[in-house]
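Work through the exercises below with the sequence and the model side by side. Try each task before reading its solution.

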Amino acid sequence: MKSMATQPPAVPPGPIVHRPTPEGDGTVVLERVPQKIKPPQMYQVLMLNDDYTPMEFVVVVLQEFFHKDRETATQIMLKIHLDGKGVCGVYPHDIANTKVQLVLDAARQAGHPLQCVCEPVE
């Protein structure tokens, strides 16, 4: 069995800096500078109050799709009811959009006009 490499090793990402050696003999050292990666933009999922969706349905949705315990889900539901909207969770963009779609689909299937949106966290 041969174990020789057939291709050169992959070069990791990041810019390469040419730095002269301290001896000053014209030799150059290649130095890889690590890149700093920013964390992804986070989005908060908000539920909006309406006068038709039952409070118990909102609690169940918060438990099912956002994995909240009953007490936390009830507190969020009351905030939605009293303030007009409430934060259900904070996620990367794709996950936040998926959560919004799951909530909207469940609400439509149950015949409720519940609204759910996502917006960037400031």
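The exercises go from the whole chain to single residues.

This is a predicted model, in which local features need pLDDT of at least 70 and side-chain atom pairs count only at pLDDT 80 or more, while totals for chains, interfaces and linings use all residues. Residues are numbered from 1 along each chain as its sequence is written, and side-chain values use heavy atoms, with hydrogens and water left out.

**Exercise 1. State how many helices and strands the protein has, and give their order.**

Step 1. Helices (H or I, at least four residues) and strands (E, at least two) are DSSP runs, numbered from the N terminus.
Step 2. Counting them gives three helices and five strands.
Step 3. Read from the N terminus, the order is β-β-β-α-α-β-α-β.

**Exercise 2. Check the length of helix H1 and find what its buried residues pack against.**

Step 1. The expected span of a helix is 1.5 Å times one less than its number of residues.
Step 2. H1 covers residues 55-66, which is 12 residues, so the span should be 16 Å.
Step 3. The end C-alpha atoms of H1 are 16 Å apart, in agreement with that value.
Step 4. Buried means under 20% relative accessible area, exposed over 50%, and partly exposed in between (1.4 Å probe, protein chains only).
Step 5. In H1 the buried residues are Phe57, Val58, Val59, Val61, Leu62, Phe65 and Phe66.
Step 6. These buried residues pack against E3, helix H2 (70-83), strand E4 (85-92) and helix H3 (93-110).
Step 7. After H1 comes His67, with a positive phi near 55°.

**Exercise 3. Decide whether Thr53 is buried or exposed, and list its contacts.**

Step 1. Thr53 sits in the loop between E3 and H1.
Step 2. Its relative accessible area is 11%, so Thr53 is buried.
Step 3. Contact means heavy atoms within 4.5 Å. Leaving aside neighbours within four places in sequence, Thr53 touches Val58, His112, Pro113 and Leu114.
Step 4. Thr53 and His112 are 59 residues apart in sequence, yet their C-alpha atoms are 5.4 Å apart in space.
Step 5. A polar atom of the Thr53 side chain lies 3.4 Å from the backbone nitrogen of Leu114.

Methods
Polar contact = N/O pair within 3.5 Å; in protein donor to acceptor, adjacent residues only side chain to side chain.
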